[in-house]
Amino acid sequence: MNIWNLAIRIIFLSQTTTGILGNFSLLFYYLVLYCREHTLKHTNFILTHLMSANALIILSIAVPQTMAVWGFKHFVNDFGCVFLLYIQGFARNVSIGATCLLSVFQALTISSRKSCWKDNKAKTTKCIHCSVSLLWVFYMLIRFIFLMNIFMKTNSQNMTRNRDFGYCSTVGWDEIINSLYTALVMCPEIFFAVLITWSSASMIVILYRHKQSVQHIRSSHGSRRSSPESTATQNILVLVSTFLAFYTLSTILRGCIAFLYNHSWWLVYISRITSLCFPCFGPFVLMRHHSVLSIFNLVWLRKILPDLFLTVHNIRLSILFKL
């Protein structure tokens, strides 16, 4: 084993471990927050689905890829390989769509104090829920088309397997499927990327103008604390910028692999590592805004445990009365 293979193994293992801890910690936090308050803010609702999609990406890509680089080659059968590709596909698309929705929503929210997003909260909630549901359903159906195509070709005896992922291998696509993929997957991704870029630029301009307008107020009162809305916008802006950086780099590397017939193995691994950076490290961008002590102390100890003890106590009393 040379030093480069060891480095690749350690990187994949670190990404997988970090991604699982980060995404499931935030999902647990939002779940407890929903149980405590019986509702979620619009941004937290979108982030819940974003973390869910990222968790699926890690479980379907990072985990089997980590096992493959550590020596477990082609341990997934044909059906499992097709199913993993299906999960990877729609989870990645939902992650991109949810990031776009989060960025656009925050940009529209801070664009005007009398924004329609603030005036009609019920309509806003319905619109966001419908948009998120549409993302999941649309990409599940779209990816099902490619799943059935791959599954039918996999059962054919005359097809050669020219897509090797390390943990499994499957057949490639023909020209018709490639055209459908471009129209149904790549074009929406490009559109989402443009929307993310526009909304991010808008948020930067709005935050700069807001900073300029309140600078004299802060200096006169001697306070440097930012408003909660500005802090939330800055956190979302950092998250979206992180996504754009890794998504752009990953797209460039995947394009190089597609056009270069004699590409080296390290280019493939770097492309896979880059594509996993945002799902793995994105949650930690958001965790800067949340304290671990406040999450578990305030929510869990003050709300969940007393309710749990009360329920157990009532059950014990009911059993004693029956006896």
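Which residues form one aromatic cluster with Trp 136? I found Tyr 86 and Phe 90 in that cluster. I worked on a predicted model, where local features need pLDDT of at least 70, side-chain atom pairs count only at pLDDT 80 or more, and totals for chains, interfaces and linings use all residues. Residues are numbered from 1 along each chain as its sequence is written, and side-chain values use heavy atoms, with hydrogens and water left out.

Entry, aromatic pairs. I looked up the aromatic pairs and got 10 in the structure. A pair needs ring centres of Phe, Tyr or Trp (its six-membered ring) within 6.5 Å; planes under 30 degrees apart count as stacked, over 60 as edge-to-face and the rest as tilted. Phe 12 and Tyr 269 have centres 6.1 Å apart and planes at 70°, so I noted the pair as edge-to-face. This pair links distant parts of the chain, with Phe 12 in helix α1 and Tyr 269 in helix α8, 257 residues apart. Helices are DSSP runs (H or I, at least four residues), numbered from the N terminus. Phe 12 is buried at 0% relative accessibility, and Tyr 269 is buried at 18%. Buried means under 20% relative accessible area, exposed over 50%, and partly exposed in between (1.4 Å probe, protein chains only).

Entry, Arg 143. I located Arg 143 in helix α5 (residues 121–154). Arg 143 is buried yet has no salt bridge (a side-chain nitrogen of Lys or Arg within 4 Å of a carboxyl oxygen of Asp or Glu).

Definitions and conventions:
Helices (H or I, at least four residues) and strands (E, at least two) are DSSP runs, numbered from the N terminus. Lys and Arg count as positive and Asp and Glu as negative; His and the chain ends are not counted.
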